[in-house]
Amino acid sequence: MLSMVVCTQPNQFFSSHVTKLDLLSHLGNPFDSNMILNAATANIIVSILLGYRMDYNDPQFTRLLCLINENVRIAGMPMVALILILLLQLYNIFPFLGFFPGSHKIIVKNVVEQCEFITKTFVEHLKNLDENDQRSFIDAFLVRQKEEAGNPLSYFHNGNLTRVVRNLFSAGMETTSTTLRWGLLLMIKYQNIQEKVQEEISRVIGTAQPMYSHRVQMPFTNAVIHEIQRFSDIVPLNLGHETTKDVTFKGYFIPKGTYIIPLLSSVLRDKTQFEKPDEFFPNHFLDSNGKFIKKEAFMPFSAGWRACAGETLAKMELFIFFTSLLQKFNFGLPPGVTDVDLTSVVGLTNAPKPQMMCVTPRM
């Protein structure tokens, strides 16, 4: 269903969001790219889910961003994560556990507030629903819901709509913006790679609008983006999965209903698959002739039927945002700062530490 509502002209769609990145206002002043990138990537998801883009100064929009950022930060704390896992597993049996005090209560409160916003939004969509003019993901879902109104086993009910919209909004913003933050910091640390990417952008794209189709002509840039994803290892533990039937894997019997946590880091940092697994090395994705090569071990979006639903969208976002930013700007360290800290803040995602950067226009 997500593919039904993605803009048919993705290059113009993403470009309109890139132009909203008001980096020129930061010229000469160090700044943190976190909220800027969060807002831009979040608004792409908002456009798909709701059918319109929210104003960056809209208090409701900034509130939603803050709720998601706070939840990701808190849920990443080891003790909070443990409590959440226990509550999720035991809550249906012992509902009183939900009243235990702690930071997890903030997460629950934030989720409730997000759900209230989403519920209000799709109720408004239902009032103006035109089956022949579906403007958004919510519209497409509501039309399908009406079509399956007599099916008691239908997945298209309000509870699922709320969860899906909340998950897509949260996941679609956090992972993409965090990857872009890693990308900019890595370009600052490795200025020679930044310059080589910019040289390829100038040669292939020039001053034109970057398009997703350009990636086939830009093997080095494509390799750099893949290496950013591999090196940053955004979701090392992936998301929890569950076996739908009894399975035997490498001699181990795994019964139906077993909770599985795939360790993506074990693949992305596999020494048998990558020459320098613990270093940022774009040549992992280039052959001896400088041509881009795919790697089976490259699976930041997981694999199989339960891989990331937004993989195609994320790939387009990353390429167009990354090339557009490096086409227009040079990124560097603030005065007095000598190096980039590539230590990650471990949470639900592997995020870089908050760091200031400087930007200068290229053209």
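Modeller: A word on terms before the helix itself. Axes are lines fitted to C-alpha atoms, for helices over the stretch in contact, and angles between N-to-C directions run from 0 to 180 degrees. Keep in mind that this is a predicted model.

The part to look at is helix H10, which covers residues 219-232. H10 holds 14 residues. From first C-alpha to last it reaches 20 Å, close to the 20 Å expected at 1.5 Å a residue. H10 is mostly covered, with 13 of its 14 residues buried. Just after H10 comes aspartate 233, which takes a positive phi of about 50°.

Now its packing. Helix H8, residues 158-189, packs with H10 at an angle of about 110°. The two axes lie 10 Å apart. Angles of 65 to 115 degrees count as roughly perpendicular, so H8 is roughly perpendicular to H10.

Which residues meet there? On the H8 side they are Thr179, Trp182, Gly183, Leu186 and Met187. On the H10 side they are Val224, Ile228, Gln229, Phe231 and Ser232. The residues of this contact divide into six nonpolar and four polar. No charged residue takes part in the contact of H8 with H10.

One last point takes us away from H10. A disulfide is a covalent bond between the sulfur atoms of two cysteines. With a cut-off of 2.5 Å between cysteine sulfur atoms, the model has zero disulfides. Cysteine 308 is partly exposed, at 39% relative accessible area. Cysteine 358 counts as buried, at 14% relative accessibility.

Technical notes:
Residues are numbered from 1 along each chain as its sequence is written. This is a predicted model: local features need pLDDT of at least 70, side-chain atom pairs count only at pLDDT 80 or more; totals for chains, interfaces and linings use all residues. Side-chain values use heavy atoms; hydrogens and water are left out. Helices (H or I, at least four residues) and strands (E, at least two) are DSSP runs, numbered from the N terminus. The expected span of a helix is 1.5 Å times one less than its number of residues. Buried means under 20% relative accessible area, exposed over 50%, partly exposed in between (1.4 Å probe, protein chains only). Angles under 35 degrees count as roughly parallel, over 145 as roughly antiparallel, 65 to 115 as roughly perpendicular and the rest as oblique. Contact means heavy atoms within 4.5 Å. Ala, Val, Leu, Ile, Met, Phe, Trp, Tyr, Cys and Pro count as nonpolar, Asp, Glu, Lys and Arg as charged, and the others, Gly among them, as polar.
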